[in-house]
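Trainee: Hi! Could you walk me through this one? I'd like to pick it apart piece by piece.

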Amino acid sequence: MNNKGFHLSVSAVSKAKNHSVLAKSAYNSGSKLIDKQLGEIHDYTSKAKDKILNLVDSDGTKYTQVIEKNVMHTALITPTLAGNLAVTREGFWNDIERIETRKNAQLGTEIDVMFPDGITADQRIVLAERYAQTLSDRYNVLVDVAIHRPHSHEKHVGEVEVVELTSRNFHAHILLSSREIVADVEGYALSARKNWLQWSTEERLSKGLNGRGDELKYQRQLWADMANKLLPENKSISEKSYREQGINRLPKMKLGKSLYKDILKGKRSVIHEYNETIDEINAYIEENGLVIEYDDKGRIDLESNVQEIDGVTVHYKKRKPFARFELSNIRLVDPAAELTPLLLKRTVSLIVMRPMIKHLMSF
């Protein structure tokens, strides 16, 4: 991520992970959807309603505050070529659940995006729907769009006091179906096989399509380009990393909703410790005019293999992996009795940072 407000993540909605695409859609849209096969009810209508918080100010005076509904806007986007299709959220995602019978089937793809500062409320709708329509036409799929207000987190103090804490990011959930949707005499039909977005890289290249990495790059660049057309002239975002932009900083890791809530409760996490260490290193780099040296023989995701297949030019990213580590595999253990909390913190920071220190110049 860069320092201008760009965030786009892509994840699979998969039966292998015990996901329900109906539950995902219900959560995103703030609606009540019934799984007709399992008889389960996914009710998230509370997200589409205002709520009242009981607060206490610094003087101990109690008051109430209305928190506006989390779900601001929803839409179902279908391919332009398919014409005006009569589609309902519950009916369509039940059809997907019904047709995807394999126990590890992928039910859809979700793209989460953050709106950058400078985009107005009306522009958020225009941007999200325009982006979704482009993807719908590209993959010939239904796209379920939901724009969310920043999440409100309440921290309870004592028995009655409540303090409202809210993050600032307006964001959208963009859910793409696993199958193509086409016009049919009965309204619409789903393709017999997955849409090409979910094909393997080998099959994509054989059909003259870009590889997976380049398709993700396209989705990220498309969002940045569309957002920049709506942003004021003095603001812009980029899908490129710090490194690709030539910004001499190390990136931090996204905390996520659950870890953010833990921090509000006074709890710590390895990722939180990691981000604090990154802040310290970045400050040191800036203060001392240092340059980050990656020493991986110039590998950077700016170049790709260009191949000619049946007269069609396709691109396939070069894949030389960085030296990396997985924070999910790092666990905190109880320190020895003689370790102080400060020493423990420094020890954890060193454990987390050791794989990255070799990427810095000596200082």
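Mentor: Happy to! Let's begin with helix H1, where seven of the nine residues are buried, so H1 is largely enclosed by the rest of the structure. Keep in mind that this is a predicted model.

Trainee: Which residues of H1 are buried?

Mentor: They are Val21, Leu22, Ala23, Ser25, Ala26, Asn28 and Ser29.

Trainee: What caps the N-terminal end of H1?

Mentor: That's Ser20. One of its side-chain oxygens sits 3.3 Å from the backbone nitrogen of Leu22.

Trainee: And what follows H1?

Mentor: Gly30 does, and its phi is positive, near 65°.

Trainee: OK, which helix does H1 cross, and at roughly what angle?

Mentor: H1 (residues 21-29) crosses helix H2 (residues 89-99) at roughly 155°, and the two axes come within 9 Å. The two helices are therefore roughly antiparallel to each other, since angles over 145 degrees fall in that class. Their crossing is right-handed.

Trainee: Which residues make that contact?

Mentor: From H1 you have Val21, Leu22, Ser25 and Ser29. H2 brings Arg89, Glu90, Trp93, Asn94, Ile96 and Glu97. Sorted by class, the contact has four nonpolar, three polar and three charged residues.

Trainee: Nice. Changing topic: where is His42 found?

Mentor: His42 is in strand E3, which covers residues 40-43.

Trainee: Buried or exposed?

Mentor: His42 counts as buried because its relative accessibility is 10%, and the cut-off for buried is under 20%.

Trainee: What does His42 touch?

Mentor: Leaving out residues up to four places away in sequence, His42 touches Ser20, Leu22, Ala23, Ala26, Ser31, Lys32, Leu33 and Asp35.

Trainee: Good link! Let's move on to Arg138. Where does it lie?

Mentor: Arg138 lies in helix H3, residues 121-139. With a relative accessible area of 29%, Arg138 is partly exposed.

Trainee: Which residues is Arg138 in contact with?

Mentor: Setting aside neighbours within four places in sequence, Arg138 is in contact with Trp196, Glu215 and Tyr218. The side chains of Arg138 and Glu215 are joined by a polar contact of 2.7 Å.

Trainee: And how far apart are Arg138 and Leu197?

Mentor: They are 59 residues apart in sequence, while their C-alpha atoms are 9.2 Å apart in space.

Trainee: How do H3 and H5 pack?

Mentor: H3 and H5 (residues 212-230) pack at an angle of about 145°, with their axes 10 Å apart. H3 passes H5 in a right-handed crossing. The H3 residues in this contact include Leu127, Tyr131, Leu135 and Arg138, and those of H5 include Glu215, Tyr218, Leu222 and Trp223. By class, the contact has eleven nonpolar, three polar and three charged residues.

Trainee: Let's zoom out. How many helices and strands are there in the protein?

Mentor: Nine helices and 14 strands. Of the 363 residues, 40% count as buried.

Trainee: What share of the contacts comes from residues 24 or more positions apart?

Mentor: Among contacts with a separation of 6 or more, those residues account for 66%.

Terms used. Residues are numbered from 1 along each chain as its sequence is written. This is a predicted model: local features need pLDDT of at least 70, side-chain atom pairs count only at pLDDT 80 or more; totals for chains, interfaces and linings use all residues. Side-chain values use heavy atoms; hydrogens and water are left out. Helices (H or I, at least four residues) and strands (E, at least two) are DSSP runs, numbered from the N terminus. Buried means under 20% relative accessible area, exposed over 50%, partly exposed in between (1.4 Å probe, protein chains only). Contact means heavy atoms within 4.5 Å. Axes are lines fitted to C-alpha atoms, for helices over the stretch in contact, and angles run from 0 to 180 degrees between N-to-C directions. Angles under 35 degrees count as roughly parallel, over 145 as roughly antiparallel, 65 to 115 as roughly perpendicular and the rest as oblique. A crossing is left-handed if the near helix is turned anticlockwise from the far one by less than a right angle, and right-handed if clockwise. Ala, Val, Leu, Ile, Met, Phe, Trp, Tyr, Cys and Pro count as nonpolar, Asp, Glu, Lys and Arg as charged, and the others, Gly among them, as polar. A polar contact is a pair of N or O atoms within 3.5 Å; within protein, one must be able to donate a hydrogen and the other to accept it, and residues adjacent in sequence count only if both atoms are side-chain atoms.
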